[in-house]
Amino acid sequence: MSSLPQIRATTILSVRRDGKVALGGDGQVTVGDTVMKHNAQKVRMLRGGRVIGGFAGAAADALTLFDKFEEKLERFPTNLSRAVVELAKDWRSDRVLRRLEALLAVSDREHGFIISGTGEVIEPDDGILAIGSGGPYALSAARALVKHTSMDATEVVRRSLEIAGEVCIYTNTNITVLDL
């Protein structure tokens, strides 16, 4: 029995700076050693434009998780932290959800979280979070730009994703950035 080729895709980055938060992602989807898509949309506005999110991993799984997350945001409309924890609990304990293979990155003006199906809920200390194949490259670039430039959050996200796209073979420079 042969296994399906591994899908590698995505660099998602969120930066909070000077009262503004931006989250962006690249557009590449790679299956095995072939680029299958250049302009995938992996970031979206949630909760009527009060939360932004992006995903890495299987698209159908991530979209299912976004739907579940929207339900949590409806239940806890002013408490992103609680909505994130409740999603992680369900994701970890539900027989169907725990099979979903994706990571989510979500941010509002005050908080940003990485959420995984293993129950991880991580809020980075510096307001910069990254997931996906090119995440470490984008994270490094963003930390350097925040430390050594006066770029705003949107500019840092865009330039950091461009840098990741120049280095990571699973990331391109077809970038979408959303901000609050």
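Predicted model: local features only at pLDDT ≥ 70, side-chain atom pairs only at ≥ 80, totals over all residues.

**From a salt bridge to the sheet**

Modeller: Arginine 143 is partly exposed, with a relative accessible area of 43%. Residues are numbered from 1 along each chain as its sequence is written, and side-chain values use heavy atoms, with hydrogens and water left out.

Now to the partner. The side chain of arginine 143 meets that of aspartate 126 in a salt bridge, at 2.8 Å from N to O. A salt bridge here is a side-chain nitrogen of Lys or Arg within 4 Å of a carboxyl oxygen of Asp or Glu. Aspartate 126 sits in the loop between strand 10 and strand 11 (128-132), while arginine 143 belongs to helix 3 (residues 135-148), so the pair ties together parts that are 17 residues apart in sequence. Helices (H or I, at least four residues) and strands (E, at least two) are DSSP runs, numbered from the N terminus. Aspartate 126 is also partly exposed, at 35% relative accessibility.

A search of the whole structure finds 10 salt bridges. In one of them, aspartate 26 and lysine 42 meet at 3.3 Å, N to O. Aspartate 26 is in the loop between strand 3 and strand 4 (29-31), and lysine 42 is in the loop between strand 5 (34-37) and strand 6, so this pair joins parts that are 16 residues apart in sequence. Here both aspartate 26 and lysine 42 are buried. Another salt bridge links arginine 159 to glutamate 166, with the closest N and O atoms 3.7 Å apart. Of these two, arginine 159 is partly exposed at 29% relative accessibility, and glutamate 166 is exposed at 57%. Lys20, Asp152 and Asp179 are linked in a network of salt bridges.

Strand 10, next to the loop of aspartate 126, leads us into a sheet. Strands 6-7-8-9-10, in that order, form an open sheet of 5 strands with antiparallel pairing. Strand 6 (43-46) and strand 10 (121-122) are the edges, each with a single partner strand, so one side of each is left without a neighbour in the sheet. Two strands pair if DSSP finds at least two bridges between them. Strand 6 pairs with strand 7 (residues 51-57) over 4 bridges, in the antiparallel sense; methionine 45, for example, has isoleucine 52 in strand 7 as its bridge partner.

The loop between these two strands holds arginine 47, whose phi is near 50°, a positive value in a residue other than glycine. Most residues other than glycine have a negative phi. Arginine 47 is partly exposed, at 21% relative accessibility. Glutamate 70, found in helix 1, touches Leu46 and Arg47, not counting residues up to four places away in sequence; contact means heavy atoms within 4.5 Å.

Helix 1 (residues 59-75) lies across strand 6, strand 7 and strand 8 (102-107), at about 150° to strand 7. Helix 2 (residues 80-93) lies across strand 7, strand 8, strand 9 (112-116) and strand 10, at about 5° to strand 9. Such angles run from 0 to 180 degrees between N-to-C directions, with axes fitted to C-alpha atoms, for helices over the stretch in contact.

Among the buried residues of helix 2 are Leu80, Ala83, Val84 and Leu87. The buried residues of this helix pack against strand 7, helix 1, strand 8, strand 9 and strand 10.

Valine 15 has isoleucine 128 as its bridge partner in strand 11.

Notes: Buried < 20%, exposed > 50% of the residue type's maximum accessible area, 1.4 Å probe, protein only.
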